[in-house]
Amino acid sequence: MSLSCGIVGAPNAGKSTLFKVLTSIPVEIASYPFSTVKPNTGLVPLEDERLVALAKVMGSNKTTFASFKVVDVAGLIKGASKGEGLGNQFLSQIREMEVLLHVIGEFSLNSEESELTSQVIDLAREVNLELMLADLEAVEKRISKIEKVARLGDKESKAEIDLLERIKQHLNGENPARTFIRNSAEDKILKEINLLTDKKVLYVLNRDEENINQGVPYQIKEFVERQNASLVTVSCRLELEIRELDDNEREVFKKEFDLYRDLVKEITDTCYHLLGLITFFTVKGQEARAWLVSKGTTAWEAAGKIHSDMQKGFRSVEVINWNDMVQANTLAKAREEGTARIEGKDYAVQEGDVLFVKFSS
Ligand SMILES: Nc1nc2c(ncn2[C@@H]2O[C@H](COP(=O)(O)OP(=O)(O)OP(=O)(O)O)[C@@H](O)[C@H]2O)c(=O)[nH]1
Ligand SMILES: [Mg+2]
């Protein structure tokens with residue numbers, strides 16, 4: 001599994017601003033809606049001090065961090081599924097992404113304080129509704145495709161239609177597919193249809209600079225929890241401005257707004273945890289490299305991720321935790337100390353493992 005995110009939200013929510021904060025790619029940011037028409041795509045390297053330390057002891061002069069892909073698309077408005085705004089055709093651009101970063105432009109609401117919370121929730125609900133409608137369309141399409149075979153008595157298709165009818169009901173009740181309880185066979189079928197509301201979601205509450213350090217009202221927290229999602233609060237514009245300053249100015253700015261977090265790291269870490277990912281490392285020749293895989297990935301599967309030849313000819317893997325490797329300084333010493341060990345193809349790779357795959361070519 002790779003780490004990939006699609007940025008969704010209403011027009012003018014600050015999606016492209018967030019994209020620029022994450023990727024540093026200069027894209028159009030404008031105060032008018034639908035400034036983004038064609039999708040923006042970029043990569044965010046996941047800088048990792050563990051890899052830097054590992055490269056140093058292994059004498060590698062090249063470090064390749066894992067990265068995550070971000071796609072920023074046009075804004076979604078009410079009625080998009082019926083062709084309003086830019087319609088929802090562009091949603092196919094984020095269908096292959098694993099996580100949705102749903103930007104809510106709180107800064108754009110100039111409402112009374114008492115109404116702000118409900119308006120924020122309404123903004124999110126409107127976008128969610130369009131995603132659900134797109135999902136309903138996908139479910140209907142699938143039903144009409146297998147209906148005939150089901151009517152002819154095909155058991156599997158019948159069971160699938162039963163599942164699809166239940167998910168339809170769930171979506172019609174304004175519930176994201178994410179909260180639909182299913183068994184593993186049903187999960188497999190749903191994964192194939194790849195519903196948008198089945199993806200993990202990180203809400204990005206995009207606030208006015210002045211409100212950045214205010215607490216999040218419990219109604220919003222509850223809304224996010226009911227959606228089985230996560231939340232981060234931010235002022236995307238402020239984050240972007242900070243990035244454009246020189247070091248001294250940046251410190252003054254950060255102090256003023258009490259901003260001592262690394263937003264990019266916060267977002268990538270949250271996505272990483274939402275997806276249940278782990279990182280392993282390899283050192284080959286001059287290159288030390290980080291790889292992302294799902295928790296529970298076996299050594300054999302990990303080998304396949306590195307190179308198909310490695311998987312085909314897999315014999316065993318020598319495993320050592322990155323920190324043990326750094327402490328030992330040399331692989332020979334780690335072997336002596338017993339921290340480097342040989343494992344078989346079913347070994348479940350652990351966070352921070354360094355893998356040396358032995359294979360016959
Ligand atoms: N005050 C304030 N303005 C912001 C913030 N984030 C973005 N903006 C402004 O909001 C406007 C829209 O920002 P974009 O990033 O282009 O929004 P978008 O969601 O990509 O818009 P579309 O692509 O048109 O859907 C710009 O004028 C931004 O400068 C913020 O945190 N605070
Ligand atoms: Mg945009």
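The chain is divided into domain 1 (3-274) and domain 2 (296-359), with bounds that come from an automatic or database domain assignment. This is a predicted model, in which local features need pLDDT of at least 70, side-chain atom pairs count only at pLDDT 80 or more, and totals for chains, interfaces and linings use all residues. Residues are numbered from 1 along each chain as its sequence is written, while chains are lettered from A and ligands numbered from 1 in the order in which they are written.

**Domains and the chain as a whole**

- The centres of domain 1 and domain 2, taken over C-alpha atoms, are separated by 34 Å.
- Four residues from domain 1 and six residues from domain 2 take part in the contact between them, where two residues are in contact if their C-beta atoms, placed from the backbone, lie within 7 Å.
- On the side of domain 1 that touches domain 2, three residues are nonpolar, none is polar and one is charged. In this grouping, Ala, Val, Leu, Ile, Met, Phe, Trp, Tyr, Cys and Pro count as nonpolar, Asp, Glu, Lys and Arg as charged, and the others, Gly among them, as polar.
- The chain has 13 helices and twelve strands; helices (H or I, at least four residues) and strands (E, at least two) are DSSP runs, numbered from the N terminus.
- Along the principal axes, the C-alpha atoms of the chain fill a box of roughly 70 × 65 × 35 Å.
- Of the 361 residues in the chain, 32% are buried. A residue is buried if 20 or more other C-beta atoms lie within 10 Å of its own, exposed if 12 or fewer, and partly exposed in between, with C-beta atoms placed from the backbone.
- Taking contacts in the chain between residues at least 6 apart in sequence, 70% join residues at least 24 apart.

**The sheet with strand order 2-4-1-5-6-7**

- Six strands make up this open sheet, in the order 2-4-1-5-6-7 and with mixed pairing; two strands pair if DSSP finds at least two bridges between them.
- Strand 2 (40-45) and strand 7 (230-234) stand at the edges with a single partner strand each, so one side of each is left without a neighbour in the sheet.
- From one strand to the next, the twist averages 25°. Axes are lines fitted to C-alpha atoms, for helices over the stretch in contact, and angles run from 0 to 180 degrees between N-to-C directions.
- Five bridges link strand 1 (residues 3-9) and strand 4 (residues 67-72), which pair in the parallel sense; Ile-7 has Asp-72 in strand 4 as its bridge partner.
- Helix 1 packs on the sheet and touches strand 1, strand 2, strand 4, strand 5 (99-105) and strand 6 (200-206), with its direction at about 35° to that of strand 2.
- Helix 3 (residues 113-151) also packs on the sheet, touching strand 1, strand 5 and strand 6, and its direction makes about 140° with that of strand 5.

**The sheet with strand order 3-9-8-12-10-11**

- Another open sheet has six strands in the order 3-9-8-12-10-11, again with mixed pairing.
- Its edges are strand 3 (62-64) and strand 11, each with a single partner strand, so one side of each is left without a neighbour in the sheet.
- Neighbouring strands here are turned by 30° against each other on average, direction ignored.
- Strand 3 runs parallel to strand 9 (residues 287-294), and three bridges join them. Thr-64 stands opposite Arg-289 in strand 9, and Lys-62 stands opposite Glu-287.
- Strand 8 and strand 9 pair in the antiparallel sense over eight bridges, with Ile-278 and Val-293 as bridge partners.
- The hairpin of strand 8 and strand 9 has two residues between the strands, and Gly-285 takes a positive phi near 60° there.
- Arg-341 lies in strand 11 (residues 341-343). This residue is exposed, with 12 other C-beta atoms within 10 Å.

**The shell around ligand 1**

- Ligand 1 is surrounded by 23 residues, and the closest are Gly-14, Ser-16, Thr-36, Gly-75 and Arg-237. A residue counts as near a molecule or strand if its C-beta atom, placed from the backbone, lies within 6 Å of it.
- The shell around ligand 1 has nine nonpolar, eleven polar and three charged residues.
- Helix 1 (15-23) and helix 7 (236-243) each supply at least two residues of this shell, and helix 1 gives the most, with three residues.
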